[in-house]
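Q: I am new to this structure and would like a close look at one part of it. Could you pick a place to start and walk me through what surrounds it?

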Amino acid sequence: MTSEKRPRFAVLGAGMSGILAAIKLKEAGYDYTVFEKADRIGGTWRENTYPGIACDVPSHLYSYSFELNPDWTYLASPGGEIQAYFEGVVEKYGIEESIRFGHPVVRCEWTGEDWEVEAGDGFIGHYDWIVAATGILHHPKLPDIEGLETFEGASFHTARWDHSVLLDGKRIGVIGTGSTGVQITGDLAPRAGHYSLFQRTAQWVMPVEQVKYTDEQRKEFREHPEALDALYEELDHSFHDNFGNQVLDGNHEFFDQVRAACTAKLEEIRDPELREKLTPDYTPACKRLVISHNFYDSVQVPQAEVVTEPIERIEPKGVRTADGRLHELDVLVLATGFQVDAFVRPMTIRGLNGQLLDDAWKERPSAYMSVTVPGFPNFFMINGPNSPVGNFSLIRTAELQYDHMMRLVEHQQSNGAKLMVPSAEAAKRFEDERVEAAADTVWATGCQSWYLDDRGIPFLWPYPFSRFTQEMERPRFEDYDVA
Ligand code: N01
């Protein structure tokens, strides 16, 4: 029996994944609404505006496959340009009127018939499917350091940059040396009066030249879209099939090549003490591999200092390290990362029999095939738990996941069913096998990183990207209860 009723969709979030879902749902003629807590689109690229921000995945890959952009200015284009790209796409595809801005979703509840969604100031709507597109790196993680609130200068997390604060010539301290801290250092250290980079763990920083596309090259891409397609295919292959497979084997010889490339750059550092401080003692790419064209030059400007002495506390005038030294600062930047286990939370999500997602995820978040959760019918996540993450294009992942969702929806429709939910057995089997496979990856070779869950197990997709593509293209309908 085929259901005549076209399902209605609630898309949570108007970042990269939510915009993608909206475009595709509109094209397919579905009834949908996008809920966005802020007053404009953009997700990550709206919220992160720190100096030096860029995408470390090449821009020609970090693009929708159906909307390649001939006009990217750099190999790794700046954040503002990426935000403008998404704004342009929203305009071109005419999806803005379907977005309810200033409508944070507070509750999604399965009524037995459909999802009741409560958003913003008392808005209530009913939908057949939820598409959670709320991102991973969303909720800032503040460091648990004594006295943080006592600092008298300007202090903020990198995703909450205060652009009213003057930076040039100031005494600036940055805590954290992940991708964000490294990008900020590249930009800020040369401009600061004094720059202190508080490093807890040295990072492998892969030197990659910042390639600027010339006007002629951009014109060429505009006039020959097939060249743009070919570049996308090439990058897609190099990231997802090459790097994507290498990270699955912690002993892969590829990491010797990465180590050699990074070490060659480290060896150019003039001060042996600084070189020593910046040299990591774990396998490259165990943490997310940091990419930079200017980090090592910037940390060597005379006013820059890499502080490896542990932070003892923060005081009104600056940061006190364990050696008793006070690092006096005007500005303290917290490049300390994100709470990566929240996903769609803190929204209240209530599924079958009133079960809360918070309870289902009491131990830790997980998702069958990275997209659905037992007990939560017609609830689909894009870039949710166990998705492929790690120096890949999240856009590619999102596109595959969206198409997967539509295959589930079509299956449901063709069965005349109202709900579709993965079985607990299938989800457990998937998770058990996933955990076993994760043990072999480079992420599990002995470092601390945001890729690890509370047990120290990588929470990412631990199989080849080709397997992800296959699983997304061929849903295992037998693992779903359809009713
Ligand atoms: O955060 P992180 P991030 N005392 O969690 C340190 C994406 N991204 O914002 O290594 C002292 O990687 C912590 O130290 P340690 C990308 O996926 C993408 O930099 O744990 N230090 C670490 O150095 C990236 O991976 C782009 O010892 C403390 C840092 O803070 C992800 O965002 C650009 C501390 C946190 O590093 C997150 O990167 C930027 C403490 N109490 C980011 N607590 C693109 O280009 C934490 N640290 C796409």
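A: A residue is called buried when its relative accessible area is under 20%, exposed when over 50%, and partly exposed in between (1.4 Å probe, protein chains only). The model is predicted, so local features need pLDDT of at least 70 and side-chain atom pairs count only at pLDDT 80 or more, while totals for chains, interfaces and linings use all residues. Residues are numbered from 1 along each chain as its sequence is written, and side-chain values use heavy atoms, leaving out hydrogens and water.

Let us begin with Asn383, which counts as buried because its relative accessibility is 3%. Asn383 sits in the loop between strand 21 and helix 11; helices (H or I, at least four residues) and strands (E, at least two) are DSSP runs, numbered from the N terminus. Its phi is near 55°, a positive value in a residue other than glycine. Met369 also has a phi near 55°, again positive and again not in a glycine. Met369 lies in the loop between helix 10 (357-360) and strand 21 (379-381), and its relative accessibility of 5% is why it counts as buried.

Helix 11 brings us to helix 6, because the buried residues of helix 6 pack against helix 11 (394-414), as well as helix 5 (215-223), helix 7 (254-266) and helix 13 (465-473). Contact here means heavy atoms within 4.5 Å. Among the buried residues of helix 6 are Leu228, Leu231, Tyr232, Leu235, Phe239 and Phe243. An α-helix has 3.6 residues a turn, so residues three or four places apart point the same way. Helix 6 (residues 225-246) has 22 residues, and at 1.5 Å a residue it should span 32 Å; its end C-alpha atoms are 31 Å apart, which agrees. That expected span is 1.5 Å times one less than the number of residues.

How does helix 5 meet helix 6? Their axes come within 4 Å and cross at roughly 100°, which makes helix 5 roughly perpendicular to helix 6. Axes are lines fitted to C-alpha atoms, for helices over the stretch in contact, with angles from 0 to 180 degrees between N-to-C directions; under 35 degrees counts as roughly parallel, over 145 as roughly antiparallel, 65 to 115 as roughly perpendicular and the rest as oblique. Phe221, Arg222 and Glu223 of helix 5 meet Pro225, Ala227, Leu228 and Leu231 of helix 6. By kind, the residues of this contact are 5 nonpolar, no polar and 2 charged, where Ala, Val, Leu, Ile, Met, Phe, Trp, Tyr, Cys and Pro count as nonpolar, Asp, Glu, Lys and Arg as charged, and the others, Gly among them, as polar.

Now look at another pair. The axes of helix 1 (residues 16-27) and helix 3 (residues 79-92) come within 11 Å and cross at roughly 15°, so helix 1 is roughly parallel to helix 3. Met16, Ile19 and Ile23 of helix 1 meet Phe86, Val89 and Val90 of helix 3, a contact with 6 nonpolar residues, no polar and no charged.

Two more stops remain. Leu332, in strand 18 (residues 331-334), is buried because its relative accessibility is 0%. Beyond its neighbours within four places in sequence, the contacts of Leu332 include Leu148, Phe151, Phe156, Ile175, Ile314 and Val319. Lastly, the peptide bond from Arg345 to Pro346 is cis, with omega near 15°, and Pro346 lies in the loop between strand 19 (338-339) and strand 20 (348-350).
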